[in-house]
Amino acid sequence: MSKKRIGVIVPVYKVGKYIAECIESIQAQTYTNFRLILVDDGTPDNAGRICDEYAKNDSRITVIHQENAGVTRARARGVEEARDCEFITFIDGDDTIQ
(Lines give C-alpha, C1' and ligand atoms only; values in the text may rest on other atoms or scores of the structure.)
Protein backbone atom coordinates (compact mmCIF):
# COMPACT_ATOMS: atom_id res chain seq x y z
CA MET A 1 0.00 0.00 0.00
CA SER A 2 1.39 3.40 -0.95
CA LYS A 3 1.60 6.28 1.47
CA LYS A 4 -0.97 9.02 1.09
CA ARG A 5 0.41 12.35 -0.09
CA ILE A 6 0.00 15.33 2.21
CA GLY A 7 -0.18 18.89 0.92
CA VAL A 8 1.44 21.31 3.34
CA ILE A 9 0.42 24.89 2.59
CA VAL A 10 2.35 27.82 4.02
CA PRO A 11 1.19 31.39 3.35
CA VAL A 12 4.27 33.62 3.17
CA TYR A 13 4.03 37.29 4.12
CA LYS A 14 6.59 39.25 6.16
CA VAL A 15 8.20 36.10 7.59
CA GLY A 16 11.70 36.56 6.20
CA LYS A 17 13.21 36.06 9.66
CA TYR A 18 11.40 32.75 10.17
CA ILE A 19 10.64 31.06 6.86
CA ALA A 20 13.91 29.12 6.53
CA GLU A 21 13.40 27.54 9.95
CA CYS A 22 9.78 26.76 9.06
CA ILE A 23 10.74 25.08 5.78
CA GLU A 24 13.57 23.11 7.38
CA SER A 25 11.28 21.84 10.14
CA ILE A 26 8.90 20.50 7.48
CA GLN A 27 11.72 18.93 5.48
CA ALA A 28 12.99 17.19 8.62
CA GLN A 29 9.82 15.16 9.12
CA THR A 30 10.08 11.37 9.00
CA TYR A 31 6.98 11.20 6.79
CA THR A 32 8.39 12.23 3.45
CA ASN A 33 5.48 11.86 1.01
CA PHE A 34 4.40 15.46 1.15
CA ARG A 35 4.22 18.42 -1.14
CA LEU A 36 5.18 21.75 0.40
CA ILE A 37 3.32 24.64 -1.23
CA LEU A 38 4.71 28.04 -0.30
CA VAL A 39 2.39 30.87 -1.32
CA ASP A 40 4.27 34.17 -1.48
CA ASP A 41 1.43 36.62 -0.92
CA GLY A 42 3.32 39.64 -2.25
CA THR A 43 5.63 39.80 0.73
CA PRO A 44 7.77 42.96 0.78
CA ASP A 45 10.71 41.26 2.51
CA ASN A 46 13.10 38.57 1.23
CA ALA A 47 10.88 35.62 2.19
CA GLY A 48 9.82 34.94 -1.41
CA ARG A 49 13.44 34.69 -2.56
CA ILE A 50 14.25 32.37 0.35
CA CYS A 51 11.37 30.11 -0.70
CA ASP A 52 12.68 30.03 -4.28
CA GLU A 53 16.13 28.95 -3.05
CA TYR A 54 14.69 26.03 -1.08
CA ALA A 55 12.55 24.98 -4.06
CA LYS A 56 15.66 24.74 -6.26
CA ASN A 57 17.01 21.97 -4.01
CA ASP A 58 13.86 20.02 -3.10
CA SER A 59 11.43 18.77 -5.75
CA ARG A 60 8.68 18.48 -3.13
CA ILE A 61 8.54 22.28 -2.83
CA THR A 62 6.38 24.47 -5.04
CA VAL A 63 6.45 28.26 -4.73
CA ILE A 64 3.57 30.39 -5.93
CA HIS A 65 4.06 34.15 -6.20
CA GLN A 66 0.96 36.33 -6.20
CA GLU A 67 0.01 39.91 -5.45
CA ASN A 68 -1.00 40.51 -1.87
CA ALA A 69 -4.54 39.24 -1.37
CA GLY A 70 -4.49 38.23 2.30
CA VAL A 71 -3.94 34.99 4.14
CA THR A 72 -7.33 33.49 3.27
CA ARG A 73 -6.73 33.89 -0.47
CA ALA A 74 -3.16 32.61 -0.11
CA ARG A 75 -4.44 29.45 1.60
CA ALA A 76 -7.15 29.04 -1.04
CA ARG A 77 -4.54 29.31 -3.81
CA GLY A 78 -2.51 26.64 -2.03
CA VAL A 79 -5.53 24.35 -1.88
CA GLU A 80 -6.06 24.82 -5.62
CA GLU A 81 -2.45 23.77 -6.20
CA ALA A 82 -2.72 20.74 -3.88
CA ARG A 83 -5.29 18.87 -5.97
CA ASP A 84 -2.92 15.91 -6.28
CA CYS A 85 -2.80 15.45 -2.48
CA GLU A 86 -5.07 13.20 -0.42
CA PHE A 87 -4.75 15.35 2.70
CA ILE A 88 -4.07 19.06 3.26
CA THR A 89 -2.73 20.92 6.24
CA PHE A 90 -1.73 24.52 6.91
CA ILE A 91 1.31 25.86 8.74
CA ASP A 92 2.08 29.52 9.37
CA GLY A 93 5.37 30.81 7.98
CA ASP A 94 6.60 31.89 11.41
CA ASP A 95 5.94 28.46 12.99
CA THR A 96 7.93 25.25 13.12
CA ILE A 97 6.78 21.67 13.56
CA GLN A 98 8.37 18.88 15.54
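Leaving out neighbours within four places in sequence, D92 is in contact (heavy atoms within 4.5 Å) with V10, C22 and R75. D92 is found in the segment after β4 (87-90), where helices (H or I, at least four residues) and strands (E, at least two) are DSSP runs numbered from the N terminus. At 33% relative accessibility, D92 counts as partly exposed; the classes are buried for under 20% relative accessible area, exposed for over 50%, and partly exposed in between, with a 1.4 Å probe and protein chains only. D92 and Y18 are 74 residues apart in sequence, and their C-alpha atoms are 9.9 Å apart in space.

The structure is a predicted model, in which local features need pLDDT of at least 70 and side-chain atom pairs count only at pLDDT 80 or more, whereas totals for chains, interfaces and linings use all residues. Residues are numbered from 1 along each chain as its sequence is written, and side-chain values use heavy atoms, with hydrogens and water left out.

Strand β2 (residues 34-41) is mostly covered, as eight of its eight residues are buried. In a regular strand the side chains alternate between the two faces of the sheet. Both faces of β2 are covered: on one side F34, L36, L38 and D40 are buried, and on the other R35, I37, V39 and D41 are buried. Strands count as paired if DSSP finds at least two bridges between them. By this criterion, strand β1 (residues 6-12) pairs with β2 in the parallel sense over seven bridges, and F34 in β2 is the bridge partner of I6.

L36 stands opposite I61 in β3. Another residue of β3, I64, stands opposite V39.

Nonpolar cores were defined as sets of buried Ala, Val, Leu, Ile, Met, Phe, Trp, Tyr and Cys residues joined through side-chain atoms within 4.5 Å. The largest such core has 18 residues, and those with the most contacts inside it are V10, V12, I19, I23, I26, L36 and L38. At least two residues of this core are supplied by each of β1, α1, β2, α2 and β3. Apart from its neighbours within four places in sequence, L36 is in contact with V8, V10, I23, I26, R60, I61 and T62. A second, separate core of seven residues includes I9, I37, V39 and A82. In soluble globular proteins, nonpolar side chains tend to be buried together.

Helix α1 also contains Q27, which counts as partly exposed because its relative accessibility is 23%. Not counting residues up to four places away in sequence, Q27 touches F34, Y54, D58, R60 and I61. The C-alpha atoms of Q27 and Q66, 39 residues apart along the chain, are separated by 24 Å.

K14 lies in the loop between β1 and α1 and counts as exposed because its relative accessibility is 53%. Most residues other than glycine have a negative phi, and most peptide bonds are trans. The phi of K14, however, is positive, near 55°. D45 is found in the loop between β2 and α2 and is partly exposed, with a relative accessible area of 24%. With neighbours within four places in sequence left aside, D45 is in contact with K14, V15 and G16. The C-alpha atoms of D45 and A82, 37 residues apart along the chain, are separated by 25 Å.

Charge-over-ring arrangements were assigned if NZ of Lys or CZ of Arg is within 6 Å of the ring centre and within 35 degrees of the ring normal. The charged end of K3 sits over the ring of Y31, 5.0 Å from its centre. The charged end of R75, a residue in contact with D92, sits over the ring of F90, 5.8 Å from its centre.
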